Amino acid sequence: MKVPLSKSERQLLCEVVENVDLAPETPGHFRLTVDAPYIAENAAPGQFIHILPSSESDLLRRPISIMGIDSDSGIVTVLYRVIGEGTRLISQAEAGDKLDIIGPLGNGFPIITDKPAVLFGGGVGIPPLAFLLKKLVDSGKGVSVRIILGAREPELIICLEDFSKIGLKPDIYVESGLAEAKKLFGDKALSVHEGLITCAFDELSDSETKSGAVVYACGPIPMLKAVAYKSLNLGLDCYVSLENKLACGLGACLGCSIPVKNDDGDIHYERVCREGPVFNASRVAFDKM
Amino acid sequence: MWQSRDNIYIIVSYRITMDADLSKLESNLGPLALKTPLIAASGTFGYGPEFENVTDLHFFGAITLKAVSLEPRPGNPYPRIVETPSGMLNCIGLENPGVDIFLSEKLPEACKYGIPLIANLVGDRIEDYRKLAEILDRESCLAALEINASCPNVDHGFLTFGANSAILGELVKSVREVTSIPLIAKLSPNVTDIVPLAKAARNAGADILNLSNTFLGMSICIDSRKSRLSRDYAGLSGRAIRPIALRIAHQVASSLEIPIIGTGGIYETTDALEFFIAGASAVSLGTVNFVHPNRAKDICLGILEYLDRKNTTLDRLIGSYEGPHACETF
């Protein structure tokens, strides 16, 4: 029996263009750009790429949300924080190295252009919002966009330059280090506050709440839970991009499933990698997570 | 032409210009004839379409589909997986849409690839397995039925069926009575001695044994002092279990005559070859599919290269274990 050796379409060896250590401004964070025309051509905001940390290790792939694409040059950018062995290995990739990447995977954010948009980003949940913002702005529908960023401390607020490139300044909330945050972000932010990101709901304008703004959120699960609760109480549509540990990333193993509400109030499970990572917040059973 | 230490990548020109002659990989697993001796392990490969455009499916001799039960099962709560040294723990909990949707949606979709399919049967009672087998016996695109008597992640799992020879024998016999499709018994490694269970399954009519399933393990978060998963214990898979799985396959292969599928931590060509030498006629790829979804191709080509280099055949390799290492005498 002869079997043709076909070329895989979605698993790619992508050349690293650069892998920049963002220290000292944001220690532990790296911005990785890879030459991946297929991904750049097909990716949507909220989707992720599944990166093999090293062909020399046994580690599972690491899912990282896409921060930006350039479909002309075929370049894909992600921003990640080194938190364990997998991301440490990825951070060692140098320009010219090849990374084994599957993507783009998952379902991204819906691009809703007839309502104001409010984007909430926490920590490493901030980068994919830069991609979303670009799509909203590029839609040419004049969507009013507000960006609200939060983190435990100022150094975990990232991507400000990327937002300012598009001409938007975010409101920033830090849990501690207000004076430092004001010093760091004074001219790049619309406002800087001490407190949880959800305090921003008190600052939303009537036009945003009454005209039914769409809330998009990406960040750690406790933050998403709080943002979803506040949004839904105000009657706003809310889409959350969930992070979870993934194994296959392709929808096969069911390892990343999260509880989702049925119409009857009961729950079932849906895959973060396939049905998600973006979910309508009203469907997610945050109390079971 | 190869690049990197473990045959991961073949350079593009080779991909385009060469075809792989897989005829030397044909393997007879009792009544089941496979075009390659690699089988996708249940629960790691979904129903097939998940791996479309990522995996060259034809390098698998068969695909074992995600477990199917009579009624839908929601699976276990979140979280379900955690990575561990050289492996991972999972407690998926046999989530599946039930046999009705399996038949109306999942199976037809999987059938279109033209690769032999194996259904993995689970149930709470012997009657459940029997009824499932009766229903699935009518499906022409199923090449075999696999009795999953070994899932560690449900309350009625291996403790009910996988750890007691008499009950396992009764289960296999009951299923055997209602189907003529080749029957695989997938056994649990979480027992003191697997050989009596293997004998019970064979004597009750199993054609093939799959040795084995995940090993019970545990992972604790030292901050919360809770399990990192939604159950206390979960199934360990990956490279970490390979030497133990290999020992189990060898123990059974050297104790009784029955075709064996070796399963557990097979990532490389050399891993598969070890299982063949130990006595397995085919091997399953499981957790490796998550990391290297196209590894079946690399392993097939690696086996061909080995057979060629050693001037031998797969048939001659199977069970060719030579015994303990001994110093050369002069």
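Guide: Over all chains, a search of the whole structure finds 26 salt bridges, a salt bridge being a side-chain nitrogen of Lys or Arg within 4 Å of a carboxyl oxygen of Asp or Glu. The model is a predicted one, in which local features need pLDDT of at least 70 and side-chain atom pairs count only at pLDDT 80 or more, while totals for chains, interfaces and linings use all residues. Residues are numbered from 1 along each chain as its sequence is written, chains are lettered from A and ligands numbered from 1 in the order in which they are written, and side-chain values use heavy atoms, with hydrogens and water left out.

One of these pairs joins A:Asp100 to A:Arg61, whose closest N and O atoms are 3.0 Å apart. A:Asp100 sits in strand 8 (residues 98–105) of chain A, whereas A:Arg61 belongs to the loop between strand 4 (48–51) and strand 5 (62–65) of chain A, so the pair ties together parts that are 39 residues apart in sequence. Helices (H or I, at least four residues) and strands (E, at least two) are here DSSP runs, numbered from the N terminus. Both A:Asp100 and A:Arg61 are buried, where buried means under 20% relative accessible area, exposed means over 50%, and partly exposed is in between (1.4 Å probe, protein chains only).

A second pair in chain A is formed by A:Arg88 and A:Glu85, with the closest N and O atoms 2.9 Å apart. These two residues both lie in helix 2 of chain A, 3 residues apart, which is about one turn of the helix. An α-helix has 3.6 residues a turn, so residues three or four places apart point the same way. A:Arg88 counts as partly exposed because its relative accessibility is 34%, and A:Glu85 is partly exposed too, with a relative accessible area of 39%.

The helix that holds this pair also contains A:Ser91, and its range is residues 85–91. A:Ser91 counts as buried, because its relative accessibility is 16%. Leaving aside neighbours within four places in sequence, A:Ser91 is in contact (heavy atoms within 4.5 Å) with A:Asn19, A:Phe30, A:Tyr80 and A:Val82.

In chain B, B:Arg130 forms a salt bridge with B:Glu177, and the closest N and O atoms are 2.7 Å apart. B:Arg130 lies in helix 3 of chain B and B:Glu177 in the loop between helix 5 (165–176) and strand 12 (183–187) of chain B, so this pair ties together parts that are 47 residues apart in sequence. B:Arg130 itself is partly exposed, its relative accessible area being 27%. Helix 3 (126–136) of chain B is also among the elements against which the buried residues of helix 2 of chain B pack, and those buried residues are B:Val99, B:Phe102, B:Leu107 and B:Ala110.

Salt bridges can also link up into a network, as they do for A:Asp58, B:Arg239, B:Glu268, B:Arg295 and B:Asp298.

Chain A is divided into domain 1 (10–105) and domain 2 (117–288), with bounds that come from an automatic or database domain assignment. The contact takes 24 residues from domain 1 of chain A and 24 residues from domain 2 of chain A.
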